[in-house]
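Here are my notes on this one, point by point. Have the model open while you read.

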Amino acid sequence: MKDEIIDIVKTDSMGPMYKKLCTKFKWELDNNLYETMTKKLEEDLQKVEEKKKSAIENAGDTEILDAMFEKANTYSLVGDWENAMNCYDEILNTTKKITSLKKIDAMSDKARIALFNSDLNNCNQLIDETKKINEAGGDWDRRNRLKIYEALYLILNRNVKDAAPLLLECIETFTCVELCSYKSFIFYAVLCNIITLSRTDLLKKVIKNPQVIAMIGDIPYLHDLLHSIYDCNYSAFLRAMVNIQPYLLEDRYFGPQMQYMMREYALLAYIQYLEPYKSVLITTMADSFGITTEMLDNEISKFIASERISAKIDKVGGIILNTLKYDKKNQQYNDVIQKGDSVLNSIQKLAS
């Protein structure tokens, strides 16, 4: 892995990134290599400065801004985040005429750097500010890209519920290649929407989606994960969960959330299994999931204790009592009473 990383650093002359990696992982710094990459960066920056000088003397504001963006991008490509951020701030604070679209581009580039470094607070602020500018004077393409920026931020923030619809909206219009490939994007969209969509919507919006169908075969175990939960093949679903774990772990967005995702998938499967029944034998349910009764008892008990599953375990009778339907009826009854009280109060106010 180290050799692969060093090869990428050498190929792209990423001097600042190389120094950070050596410091972080306590690698021996090759001074000759670092000096070579530093010299290359200085040469590239000098060329950009010459372009900017020429634009100031012979061209207009657009060409000057292009040179400023090129300088910021040069720093960004080699992993010099601080200088890149300063350059984008210089663009945003310039006295030159800058359009809303250019402001959105600069803010988005800053958000991308924050995403890369998992700087969630700064990323959230940048996305919110960019959304405001976009609403006032953005375009369709940037609006779509921003949805993916927000979705990936939400995933890092463990908010899969809000990330899922944003990803789903962009499946047919994806252009945000600066953040991830389309293959990775489909991976993210399917992973999130398995948790959040009902079986009916999962079939309609994901399983039958032409773009998902075209890509899912290229992503290991994603087809098994998606179709097994829809087909209620719970033992296959658990196997797919185990098989897909390494791919979650190596992903920059889902790696930190791997345990959370596995827990949510297990919860989804248990609730989906229990929903049609008033009660079920523990042995029967364990057989359906391909696990031991002890493991099932332990898993369900944790979810009941944390109030994620509405059920009771009768260990004497060896059954799980599903209280979800009863809870739903109680909730519906309380909702009707509350709405009725609200209507009566409104009528009384009108009468008085």
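1. A quick word on terms: helices are DSSP runs of H or I with at least four residues, strands are runs of E with at least two, and both are numbered from the N terminus. I56 belongs to helix α3 (residues 31–58).

2. Keep in mind that this is a predicted model, where local features need pLDDT of at least 70, side-chain atom pairs count only at pLDDT 80 or more, and totals for chains, interfaces and linings use all residues. Residues are numbered from 1 along each chain as its sequence is written, and side-chain values use heavy atoms, with hydrogens and water left out.

3. Is I56 buried or exposed? I56 counts as exposed because its relative accessibility is 51% (exposed is over 50%, buried under 20%, partly exposed in between; 1.4 Å probe, protein chains only).

4. Now D80, in the loop between α4 (61–77) and α5 (81–92). D80 is buried but has no salt bridge (a Lys or Arg side-chain nitrogen within 4 Å of an Asp or Glu carboxyl oxygen). K20 is the nearest side chain of opposite charge, 5.4 Å away (Lys and Arg count as positive, Asp and Glu as negative; His and chain ends are not counted). Setting aside residues up to four places away in sequence, D80 touches P16, K20 and Y75 (contact means heavy atoms within 4.5 Å).
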